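User: Please take me through the terms used to describe this model. For each one, I want the value set against its cut-off.

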Amino acid sequence: MPAYGRADSEWDLLVGAGREFLVERAKLRKTTSYTELNVTLSRRTGCRTFDFERADERAAMGYLLGLIVERDQELSPSKPPLMISALVNYLSANDAGPGFYQLAKQLRLLPLSASRDEKDEFWIDQMRRVYARHGAGPAAS
């Protein structure tokens, strides 16, 4: 049964286009928002946008970001694993969404009882590592 009402072939398109877009952002040392990612994916793939007014559609975007992290790890393995989704922030916010930290916990990259400071440090480290991997060099201190 297709996840979130989308065919497997659609998920494959979205994962490929999403990873490609995030790699482009990393090379520019830029983050993106869920909204920008959503619009870019629709434009590049022809797939319908995610409707962030609906909880199931927000969950579907989180599912997609998890698939992108998985694909990125398959194509560019790293130890410890790298979460390219660290580059996706809430619009007008300087932080990853709660799904980012939940996935990090599931991957055992972040303790289940992580404090706000631990989460922030983890997120910043992930962004620095993503930028470095994609040729953007070390992050400025």
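Analyst: Helices here are DSSP runs of H or I with at least four residues, strands are runs of E with at least two, and both are numbered from the N terminus. By that count the protein chain has five helices and two strands, in the order α-β-α-α-β-α-α along the sequence. This is a predicted model, in which local features need pLDDT of at least 70 and side-chain atom pairs need 80 or more, while totals for chains, interfaces and linings use all residues. Numbering runs from 1 along each chain as its sequence is written, and side-chain values use heavy atoms, without hydrogens or water.

User: What makes Y4 stand out, and where does it lie?

Analyst: Its phi is near 55 degrees, which is positive, and Y4 is not a glycine. Y4 lies in the segment before α1.

User: Why does Y4 count as partly exposed?

Analyst: Its relative accessibility is 38%. Buried means under 20% relative accessible area and exposed means over 50%, with partly exposed in between (1.4 Å probe, protein chains only). Y4 falls between those limits and therefore counts as partly exposed.

User: How do you know whether R108 and P111 are buried, partly exposed or exposed?

Analyst: Both are in the loop between α4 and α5. R108 has a relative accessible area of 76%, so R108 is exposed. P111 has 41%, so P111 is partly exposed. R108 also has a positive phi, about 65 degrees, although it is not a glycine.

User: What describes the peptide bond between K79 and P80?

Analyst: It is a cis bond, with omega about -10 degrees. P80 sits in the loop between α3 and β2 (88-89). K79 and P111 are 32 residues apart in sequence, and their C-alpha atoms are 17 Å apart.

User: Why are α2 and α3 called roughly perpendicular?

Analyst: Helix α2 (residues 34-45) and helix α3 (residues 55-75) pack at about 80 degrees, with axes 12 Å apart. Axes are lines fitted to C-alpha atoms, for helices over the stretch in contact, and angles run from 0 to 180 degrees between N-to-C directions. Under 35 degrees is roughly parallel, over 145 roughly antiparallel, 65 to 115 roughly perpendicular, and the rest oblique. The angle is in the 65 to 115 range, so α2 and α3 are roughly perpendicular.

User: Which residues make the contact?

Analyst: Y34, L37, N38 and L41 come from α2, and M61, L64 and L65 from α3, where contact means heavy atoms within 4.5 Å. Beyond neighbours within four places in sequence, L64 is in contact with W11, L14, V15, L41 and F50.

User: What makes a set of residues a nonpolar core, and which have the most contacts inside the largest one?

Analyst: Such a core consists of buried Ala, Val, Leu, Ile, Met, Phe, Trp, Tyr and Cys residues joined through side-chain atoms within 4.5 Å. The largest has 39 residues, and L64, M83, L87 and F100 have the most contacts inside it. Two or more residues come from each of α1 (8-27), α2, α3, α4 (98-106) and α5 (116-133). The largest share, eight residues, is that of α1.

User: How do you know whether the protein chain agrees with a compact globule?

Analyst: The radius of gyration is taken over C-alpha atoms, and the globule rule is 2.2 Å times the number of residues to the power 0.38. For 141 residues a compact globule would be near 14 Å, and the protein chain has 15 Å, which agrees. Of the 141 residues, 44% count as buried.
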